[in-house]
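Okay, thanks everyone, I'll keep this short.

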Amino acid sequence: MNIYETPRLVAEYLLFHYGEDQDILPWSLGPASALGFPKRSVNELLDPSRLPASARALDLGCAVGRSAYELAAHAGEVIGIDYSHAFIDFAERIRRGQDVPYQRADEAALSTDLIARRPVSGDPARITFEQGDAMHLRADLGAFDIVHAANLLCRLTQPALLLERLPALVKPGGQLLLTTPCTWLAEFTPPENWPPGRTRDWLRQALEPHFTLESEIDLPFLIREHARKFQWSVALGTRWRRCQ
Ligand SMILES: C[S@@+](CC[C@H](N)C(=O)[O-])C[C@H]1O[C@@H](n2cnc3c(N)ncnc32)[C@H](O)[C@@H]1O
């Protein structure tokens, strides 16, 4: 069973991507700097200064789609791809302008009814969502000025397959925005496919023949499980420039 197809994870990710800050974190003592990750994973890594007028962007592992709207502020065409049919279905319903009801878990059987709405910024006409496998992307996808893959690598059974495809996916001079919390788990990735040492060193070894590492930042994020339980993680965020 793919957990990203389950109603619990759909609701968690609708809240993570489209929830108001106060709906996610009702505690003034909580880690507020970790809110807004689907926006920050684009905006804190992207270099907006060197993009062509009609840039193409790809969001791999886009989940329910929030980062695509940030990419659409900089690109005339954005494709969001995720392996989960349920996530893509919700991403597309929101993109079409539907108000999507979901339940936020509070405590025990208690929950709160919330609505996921399309963001006001980021032209939805520029965005398409499709179900697909980041390890076996369709051959006719073309190349992109921006490829964004947030917290995807350590959810792949064979992350090396994506790393091998990346040089062809990013145009010369284009940007690769990668984030990973380095949460390698056997339930997603067989241990023989984990980085042999630090994830950062493994990425450099795989990418540096084709990319230059331009930026490296820590990106905290917060996923709410219920009102008193949260996952607080710190992703390693990197921006890589495809060599000319
Ligand atoms: C940890 S979530 C991150 C989602 C989103 N990028 C974010 O930062 O909120 C991992 C995502 O990768 C997707 N995923 C897992 N395996 C995939 C694959 N082989 N191809 C594409 N997406 C995949 C999952 O469905 C899920 O949406």
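When I say nonpolar core, I mean a set of buried Ala, Val, Leu, Ile, Met, Phe, Trp, Tyr and Cys residues joined through side-chain atoms within 4.5 Å. And keep in mind, this is a predicted model.

So, the largest nonpolar core has 48 residues, and the ones touching the most other members are Y13, L14, V78 and F87. Helix α1, residues 7-18, gives the most to this core, with 7 residues. Apart from that one lies another core, of 29 residues, with I79, M135, C154 and F211 among them.

Let's go back to F87. Leaving aside neighbours within four places in sequence, F87 is in contact with Y4, L9, V10, Y13, A63, V64 and D82.

Now, cysteines. How many disulfides does the structure hold? It's 0. Take C62: the closest cysteine sulfur is in C154, and at 17 Å that's too far for a bond. C62 is also buried, with a relative accessible area of 2%. C154 is in no disulfide either, and the nearest cysteine sulfur there is that of C182, 7.0 Å away. C154 is buried too, at 1% relative accessible area.

Last stop, P220. That one lies in strand β8, residues 211-226. Is P220 buried or exposed? Buried, because its relative accessible area is 17%, and the cut-off for buried is under 20%. Not counting residues up to four places away in sequence, P220 touches S33, A34, F37, R40, W232, S233 and V234. I115, on the other hand, is 105 residues from P220 along the chain, and their C-alpha atoms are separated by 25 Å.

Methods:
Residues are numbered from 1 along each chain as its sequence is written. This is a predicted model: local features need pLDDT of at least 70, side-chain atom pairs count only at pLDDT 80 or more; totals for chains, interfaces and linings use all residues. Side-chain values use heavy atoms; hydrogens and water are left out. Helices (H or I, at least four residues) and strands (E, at least two) are DSSP runs, numbered from the N terminus. Buried means under 20% relative accessible area, exposed over 50%, partly exposed in between (1.4 Å probe, protein chains only). Contact means heavy atoms within 4.5 Å. A disulfide is a pair of cysteine sulfur atoms within 2.5 Å.
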